[in-house]
Amino acid sequence: MADPTALLPLCLVVPVAGACVLLALGARCPRWVTDGTAVAVAAGGLAVSALLLHATSGGRVVTWAGGWQPRPNLTVGIVLVADRGGSGIAVLIFALTTVALLFGWRYFDTAHGHYHALMLLFAAGMAGFALTGDLFDMFVFFELMGAAAYALAGFKIEDPESVQGGLTFGVVNSLGAYLCLTGIGLLYARTGQLGLPQLAFALSARGSDPLVLMAFVLIGTGWLVKAAAVPFHFWLADAHAVAPAPVCVLFSGVMAPLGCYGLARLYWVVFRGVLPDTAVHRTFLVFGIVTATLGGLMCFTQRHIKRLLAYSTIAHIGLFLVGIAALSPLGIAGVGVAVAAHAAVKGALFLLTGLLLSRYRSVDELELYGRARDHKVAGFAFAVGALALAGLPPFGTALGKALMDEAGDSPALTGLTLVVSALTGAAAFRVALRVYFGVGPPPSDEPASELTTGRDEEPDTQPPPSTPTTMTVAIALLFAGGLVIGFVPGIGPAAAAFVNQHAYTADALAQPTPPAPAAPETTWTGTGVLLGLLTTALAVLIALAALHTRRVPGWSRTTLAGLHRLHSGHIGDYAAWLAFGTAAFAGILALSGT
């Protein structure tokens, strides 16, 4: 395309227009037409975003809405800015949406056009969040993706558990959105600006003060709620438990990591140089360590497979925050690779879990003991996905974690990555061995806590006699993506551009662009491969030990029971934890030298 600036609005127009068409015609068309149209629209969005990604190889692509252009001392209008980071996220969004819609072709019997329209609107909201250069528009797209996500989580309105999961999701995220909007209002009151580049100029002249600090805390809290960082994470497992499996692909693969993206973008464009690096580093690091640790423990102690995978996502969000806390191009490069590979691998595991649900009407690990012995290929795929989640080379998950460890440059943080990755991989590998291969003694009839069993989404189809081709292709594409990401070149320059605050503002405001910093090396190293193999071996050993060990030490049982009781399912408790987390965010920043 001659003018790459036209690609930016097309990334938003294509899915929104497709959703409108499906809402208008979905109920009047045969089901295959609705499914085919939805997949085609998502694939069209993928093609546009891929062209945009290619266009950004020559620099940022900037579009000012309404034909406004910045002039000296005057910037009116809304700007869309695409660098390789934002356009790469857009590619990931539309790729996952396409695969999820392809899998859903035979997953639902009664979806009509509403499900497909919601999925496309969800993708549009996420793409807008990644590509906008305006803080208020980030909030608007945050709300668009949220509204679609709440409806998708509670899609089966005839099921009370589905409605409850969607309500919890909506209330907690709406509270985070209100805090975010308050922070945006504070910044606007202080600077009179809403664009990210304009805010960067305004704050660099003013410096930090308590109001600016509080604005960062409130906006950051909103993004951390969406990321499901501890202690804002309670909604995520409830939403995953009741949401359809294809929807969980987007929830875990890209929606939650977008919270990390928003936080990183906000810091590097607007607040870099305004807030002390040490304070931001410690704040991100504390949230990352706590989130990774709690997520790993909760993941390993689940028997509801979708909840297990959801807590694994929380654990990996913690690792992403630790990578961002390095405040370096190498850390961002590692997070970028890890996010994309995690999305592919975790998406495949969720789709395999959806197959289990459609066949056996359950995703309870113990209840499914040995029942899927006839599906060895699916069992092998689940086992490989579990080990890839742990960090099996050459999957991109291993490369991303190795780069984040190198950026952190700390044996303690490397140990955290190793243990958390091994725990989450072991939990999923244990499921594969127990469900598909009947490994270990038959489970006892001892009742389990509701918080470890949870509730399932209600299947919408009769058990298929064989796996439909569309489902097989969707799962295979995700596994292939997880492998390919391990060999993607060029992430170093993209990461260097992401952290280049002055270049972002100069490009957006049509000013001379300063030189870019040196790009980090992002290839495989011997140490990274060895750490990946070590983590994988540890995951296998932990899974086998868990399958053959019945007795749990009393102190451990008491500690884990206490953690599960904190996840009460009561919205009031979750709101209280949100308030606590916001205060902790402000306190850590203040005590770290702001």
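The structure is a predicted model. Mean pLDDT over the protein chain is 88, with 91% of residues at 70 or more. The largest nonpolar core holds 195 residues. The salt bridge count is 8.

**Confidence**

- Helix H12 has the highest confidence in the protein chain, at a mean of 96.
- Helix H17 (residues 450-453) has the lowest, at a mean of 46.
- Residues 449-454 stay under 50 in pLDDT. The model gives this stretch 17 contacts beyond four places in sequence.
- Where pLDDT is low, predicted coordinates should not be read in detail.

- In soluble globular proteins, nonpolar side chains tend to be buried together.
- A second core is separate and has 8 residues. Leu330, Ala340, Ala341 and Leu403 are among them.

**Arg265, a buried arginine**

- Arg265 sits in helix H10, which spans residues 245-271.
- Its relative accessibility is 3%, so Arg265 counts as buried.
- Leaving out residues up to four places away in sequence, Arg265 touches Asp83, Gly86, Leu196, Val270, Phe498 and Tyr504.

- Side chains of opposite charge can pair when their charged atoms come close.
- Asp209 pairs with Arg190, with 3.2 Å between the closest N and O atoms. Asp209 lies in the loop between helix H7 (196-206) and helix H8 (210-227), and Arg190 in helix H6, so this bridge ties together parts 19 residues apart in sequence. Asp209 is partly exposed at 22% relative accessible area. Arg190 is partly exposed at 29%.
- Arg272 and Asp277 form a salt bridge at 3.4 Å, N to O. Arg272 is partly exposed, at 26% relative accessibility. Asp277 is also partly exposed, at 35% relative accessible area.
- Asp364 and Arg303 meet at 3.0 Å, N to O. This pair links distant parts of the chain, 61 residues apart. Asp364 is in the loop between helix H13 (329-360) and helix H14 (376-390). Arg303 is in the loop between helix H11 (277-300) and helix H12 (305-325).
- Asp364 has a relative accessible area of 9%, so it is buried. Arg303 has 17%, which means that it is buried as well, the cut-off being under 20%.
- Glu365, Arg430 and Arg434 belong to one network, joined by salt bridges that share partners.

**Surface patch**

- Phe136, Val140 and Leu181 make up a nonpolar patch on the surface. Together they have about 210 Å² of accessible area.
- Leu181 belongs to helix H6, residues 160-191. At 35% relative accessibility, Leu181 is partly exposed.
- Helix H6 also holds Arg190, the partner of Asp209.

Key
Residues are numbered from 1 along each chain as its sequence is written. This is a predicted model: local features need pLDDT of at least 70, side-chain atom pairs count only at pLDDT 80 or more; totals for chains, interfaces and linings use all residues. Side-chain values use heavy atoms; hydrogens and water are left out. Patches are made of residues with over 30% relative accessible area and no salt bridge: like charges are joined within 9 Å, nonpolar side chains (Val, Leu, Ile, Met, Phe, Trp, Tyr) within 5 Å. Accessible areas come from the Shrake-Rupley method with a 1.4 Å probe; for residues, only the protein chains shown count as cover. A salt bridge is a side-chain nitrogen of Lys or Arg within 4 Å of a carboxyl oxygen of Asp or Glu. Helices (H or I, at least four residues) and strands (E, at least two) are DSSP runs, numbered from the N terminus. Buried means under 20% relative accessible area, exposed over 50%, partly exposed in between (1.4 Å probe, protein chains only). Contact means heavy atoms within 4.5 Å. pLDDT is the predictor's confidence in each residue, from 0 to 100. A nonpolar core is a set of buried Ala, Val, Leu, Ile, Met, Phe, Trp, Tyr and Cys residues joined through side-chain atoms within 4.5 Å.
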